[in-house]
Amino acid sequence: MFSRAPNFTISGKFQSVGRDLNYISFTEKERGLQTLLQYTSTSATYNAEARFPPPLCHPGTREAILCDLEGWAVSNAPDVHAIQWLYGPAGAGKSAIAQTFAEACAKKGNLAGSFFFWRSDSSRDNPQRLFTTLAFQMALAIPGLRPIINAAVINNSLVPTSFIENQFDTLILQPMLKTQLHHCELESHPMHRKDQGTPQAHLSSIQIPQTSTPSLKRPHTPPGSDPLAIFPRKRQKTSKNGGFDPTSLLSGDRPWILIIDGLDECSDNGNHERILSTLANAIQKYNLPLRILVASRPEQHIKESFHSTKFENICHWMPLDTYKASLEIRKYLQDHFREILKRHSALLEHVPRPWPPSHQIEHLVGKASGHFIYPSTVLKYIDNDGAVPADRLDIVLGLSTEDYGHDSPFAELDALYCQILSSARNRTRLNQILGAIIAFRERPPSWSYHTVELMDLLQTNMSLAEIRATCSGLHSIFQGPSPMESDLRFCHASLTDFLLDRRRSLHFYVEKSSGHDYLAQCCFKIISGNSSLCNVPHELRYWTYHCVNASGSDKLLSEIDLDVYSFITHCVGHGGTPRWYEIPCKLATPLLEVVHIWRRFQVRRTCSFPEQPNHQGLTGISLAP
């Protein structure tokens, strides 16, 4: 990672910042860097031991998106975007892509720094150590910045604990601008030979007007009145071929790369906006030799930040769903199953070849829904030294009824789903919505439907605002760009399996019959409010389907305890009084539906009304004269 950093003598405290580093050492005068190291997250870098083994793209996969990123990192096009937002749902493989890209940049020598957020690590679940960690890495990776960052901390030892906007300004922005100004001075004095070098003290003493406001906002100053006016963003220096010339700011033949992964893992939504605003304001104003990759889930507040004018013309969106991953997931599965077969050959001698058969691999590809977390979780479970791989695959495929107890094949995936669903504040409402979605989409494929009907049903018992609020933190489990805009479609096919399995989902368990029960209540509520049933197509066509598959709650049974005469009047008489010979045809379907419902709840309702033999509701239709 720090391939450009020179060797230094050992002095004072040393601490590992990555797996490829044996020690970090400082000179006697580098008290500032020693102090800064104490306020970094040594587990957040791409090569940190705490992250070993890190997620990586399987060879031969994700080639298209990695090619795009690598091209962006070295592009000299004058209109290239300085920031890339890589986004996708949970488990889509964002961290693996960011990790693989970071390693590629490190090998090429243009990785300035990386930070991988993680909500389970207190040193990298908040923004307080983000810019201190990046600044420390930049001091080691870019020799010209080292003395300036060191001096910045010596001059103000409270910088590492100041608000993050001030950290970025003092530790990253100002040092880069000072280095840029130094190069501008060299270019304006041709008699000064660049190979003579410049004392480090001179670099650290260059004075740059401060941008000390929390948001780094300050009005543009006229050219000539600000020593930095020679390199504002709008007056980029270009190379001979018209492209961006990074030497106008720092020595080097290409821009430096910063990688921030898992922004959504950072605590507090307000911090996300602060981080993004800080970056955007600096990039908009100054022609910094930086390319910044930000990877996250498409949470609504993050999406709104990237939608703001601050990111206009400087940010490119990279939705993962535009990169079709099914072929790559199939290759990923085939390669790993081949390795498992070779490694556990003695345990698989009795298994017919080929193993697994193609239809089983296709089943796993379908369950993955284009996201690598499902196959990676399954393969870890199958490739266990203490079990027969073929038996474990049967458990995954549901071919075995063996109780896996605490050794779940989907442990990591389940933990991810639980973490996402935990963000919902109203779990009762969430359970109703998820159950309704599952029940609504369970209908036979031959039945056409529109999601607008689902929304109409849900809004009989909750407002649209309540639906939006309940789903606001769940963008990761719905198809993009948001739950409402995705027509409430789950992003992962495996999510339904998770929700319907009590052993896996625990307190997030959804009983499908309860979803039907809830939709049946919604149907009756709309029917009872309409004088003409022709205005409620779903309720006419499917209300019995939901009733027959419902759990039969007391609330639902009270709803279906209707007057048969009134019900038939609605069914036969809507749209005008029918001719006598039309009545049998109009009665056939509704009466058959009534019988289905009566049979579904006959036993329960008989017990509920022991003293009402002549009851004329739907449950007593068999007793009607």
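**Salt bridges and their surroundings**

Reply: Aspartate 335 is buried, with a relative accessible area of 15%. Buried means under 20% relative accessible area, exposed means over 50%, and partly exposed is in between (1.4 Å probe, protein chains only). This is a predicted model, in which local features need pLDDT of at least 70, side-chain atom pairs count only at pLDDT 80 or more, and totals for chains, interfaces and linings use all residues. Residues are numbered from 1 along each chain as its sequence is written, and side-chain values use heavy atoms, with hydrogens and water left out.

Aspartate 335 has a partner. Its side chain forms a salt bridge with lysine 331 (3.2 Å, N to O). A salt bridge is a side-chain nitrogen of Lys or Arg within 4 Å of a carboxyl oxygen of Asp or Glu. Lysine 331 is partly exposed, at 32% relative accessibility. Both residues belong to helix H10 (residues 326-343), where they are four residues apart, about one turn of the helix. Helices (H or I, at least four residues) and strands (E, at least two) are DSSP runs, numbered from the N terminus.

Now a pair that reaches across the sequence. Lysine 367 and aspartate 497 meet through their side chains in a salt bridge (2.4 Å, N to O). Lysine 367 is in helix H11 (residues 358-368) and aspartate 497 in helix H18 (residues 493-499), so this pair ties together parts 130 residues apart in sequence. Aspartate 497 is partly exposed, with a relative accessible area of 31%. Elsewhere, salt bridges that share partners join Arg119, Asp264, Glu265 and Arg297 into one network.

Look inside that network. Arginine 297 and aspartate 264 form a salt bridge between their side chains (3.3 Å, N to O). The pair links distant parts of the chain, 33 residues apart. Arginine 297 sits in the loop between strand E4 (290-296) and helix H9 (300-307). Aspartate 264 sits in the loop between strand E3 (256-261) and helix H8 (269-285). Both residues are buried.

Lysine 94 gives a contrast. Its place is in helix H3 (residues 94-108). Lysine 94 is buried yet has no salt bridge. The nearest side chain of opposite charge is aspartate 264, 5.8 Å away. For charge, Lys and Arg count as positive and Asp and Glu as negative, while His and the chain ends are not counted. A polar atom of the lysine 94 side chain lies 2.9 Å from the backbone oxygen of proline 89. Not counting residues up to four places away in sequence, lysine 94 touches residues including Tyr87, Asp261 and Arg297. Contact means heavy atoms within 4.5 Å.

Charges can also sit over rings. Arginine 51 lies over the face of phenylalanine 116, 3.8 Å from the ring centre. The charged end of arginine 392 sits over the ring of tyrosine 381, 4.1 Å from its centre. The rule asks for NZ of Lys or CZ of Arg within 6 Å of the ring centre and within 35 degrees of the ring normal.

Finally, the whole picture. A search of the whole structure finds 17 salt bridges. The chain has 24 helices and five strands. Of its 625 residues, 53% count as buried.

Note on methods. A polar contact is a pair of N or O atoms within 3.5 Å; within protein, one must be able to donate a hydrogen and the other to accept it, and residues adjacent in sequence count only if both atoms are side-chain atoms.
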